[in-house]
Amino acid sequence: MKKLILSFIVLFGANAWAAGDAGCGLGSMVISKNTKLLQLFAMTTNNTTLTQPFGITSGTSGCNAHGLVMAEKEVQYFVEVNQEDLSREMAQGHGEKLATLAQMKGCHNEASQKAFGSFTQSSYERIIPAANTTASDLVQNLNRELATQSDLNTMCHGS
């Protein structure tokens, strides 16, 4: 059995860090081709073998915290580039760039994006307290205010 597992790791080890849509875990290590059907198999393997939760907590199976860091950096860059438009759309509670920001924060369906827009509108003065609020401060204020919104977090992250 050990030889089989070792062969498996050596054979597919080169693809271990190329996780596709299924995320990290044994399934992603074995199936690296990023087609919808194969990623469904990878996701099923990750879920049935529980290697994804183990990998996330232990930092193995191609799992690491870089994805979370990168997601937050993407938000930061997006806000820096679109701050003026975002400020206007947050005040209005809707808009294309605000919808994109909502998606980046995990709000993927229309209802959650609308709730995100209403939240930013009602929290506008706390998210953007002054005209010279920097993009970094905006993101920090947004995250702080979002942390207090359990219903919105549930809608956007499903937890």
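This is a predicted model: local features need pLDDT of at least 70, side-chain atom pairs count only at pLDDT 80 or more; totals for chains, interfaces and linings use all residues.

Colleague: Fine. How many helices and strands does the protein have?

Modeller: The protein has ten helices and zero strands, where helices (H or I, at least four residues) and strands (E, at least two) are DSSP runs, numbered from the N terminus.

Colleague: And what share of the residues counts as buried?

Modeller: Of the 159 residues of the protein, 33% count as buried; buried means under 20% relative accessible area, exposed over 50% and partly exposed in between, with a 1.4 Å probe and protein chains only. As for contacts (heavy atoms within 4.5 Å), residues 24 or more positions apart account for 45% of those with a separation of 6 or more.

Colleague: Let's talk packing. At what angle do α7 and α10 pack?

Modeller: Helix α7, residues 110-122, packs against helix α10, residues 150-157, at an angle of about 150 degrees, with their axes 9 Å apart. That makes α7 roughly antiparallel to α10, since angles under 35 degrees count as roughly parallel, over 145 as roughly antiparallel, 65 to 115 as roughly perpendicular and the rest as oblique. The axes are lines fitted to C-alpha atoms, for helices over the stretch in contact, and angles run from 0 to 180 degrees between N-to-C directions.

Colleague: Which residues make that contact between α7 and α10?

Modeller: From α7 come Ala-111, Ser-112, Ala-115, Phe-116 and Phe-119, and from α10 come Leu-152, Met-155 and Cys-156. By class, the contact of α7 with α10 has seven nonpolar, one polar and no charged residues, where Ala, Val, Leu, Ile, Met, Phe, Trp, Tyr, Cys and Pro count as nonpolar, Asp, Glu, Lys and Arg as charged, and the others, Gly among them, as polar.

Colleague: Is Ser-112 buried or exposed there?

Modeller: Ser-112 is buried, with a relative accessible area of 0%. Leaving aside neighbours within four places in sequence, Ser-112 is in contact with Cys-107, Leu-152, Met-155 and Cys-156.

Colleague: OK, and how do α6 and α7 sit relative to each other?

Modeller: The axes of α6 and α7 come within 9 Å and cross at roughly 110 degrees, and the two helices are therefore roughly perpendicular to each other. On the α6 side, Leu-98, Ala-99, Leu-101, Ala-102 and Gln-103 meet Gln-113, Phe-116, Gly-117 and Thr-120 of α7. The residues of this contact of α6 with α7 divide into five nonpolar, four polar and no charged.

Colleague: What about α7 and α9, at what angle do they pack?

Modeller: Helix α9, residues 135-147, packs with α7 at an angle of about 110 degrees, with their axes 11 Å apart. In this pair, Phe-116, Phe-119 and Thr-120 in α7 meet Leu-142, Glu-145 and Leu-146 in α9. By class, the contact of α7 with α9 has four nonpolar, one polar and one charged residues.

Colleague: Thr-120 keeps coming up. What does Thr-120 touch?

Modeller: Not counting residues up to four places away in sequence, Thr-120 touches Met-90, Leu-98, Ile-127 and Leu-142. Thr-120 is buried, with a relative accessible area of 0%, and a polar atom of its side chain lies 2.9 Å from the backbone oxygen of Gly-117.

Colleague: Switching topic, where is His-108 found?

Modeller: His-108 is found in the loop between α6 (96-104) and α7, and at 62% relative accessibility His-108 counts as exposed. Not counting residues up to four places away in sequence, His-108 touches Gln-103 and Gln-113. His-108 and His-157 are 49 residues apart in sequence and 8.8 Å apart in space, C-alpha to C-alpha.

Colleague: Last one, which residues does Met-104 touch?

Modeller: Met-104, which lies in helix α6, touches Glu-74, Val-75 and Phe-78, not counting residues up to four places away in sequence. At 30% relative accessibility, Met-104 counts as partly exposed, and the C-alpha atoms of Met-104 and Phe-78, 26 residues apart along the chain, are separated by 9.3 Å.

Key. Residues are numbered from 1 along each chain as its sequence is written. Side-chain values use heavy atoms; hydrogens and water are left out. A polar contact is a pair of N or O atoms within 3.5 Å; within protein, one must be able to donate a hydrogen and the other to accept it, and residues adjacent in sequence count only if both atoms are side-chain atoms.
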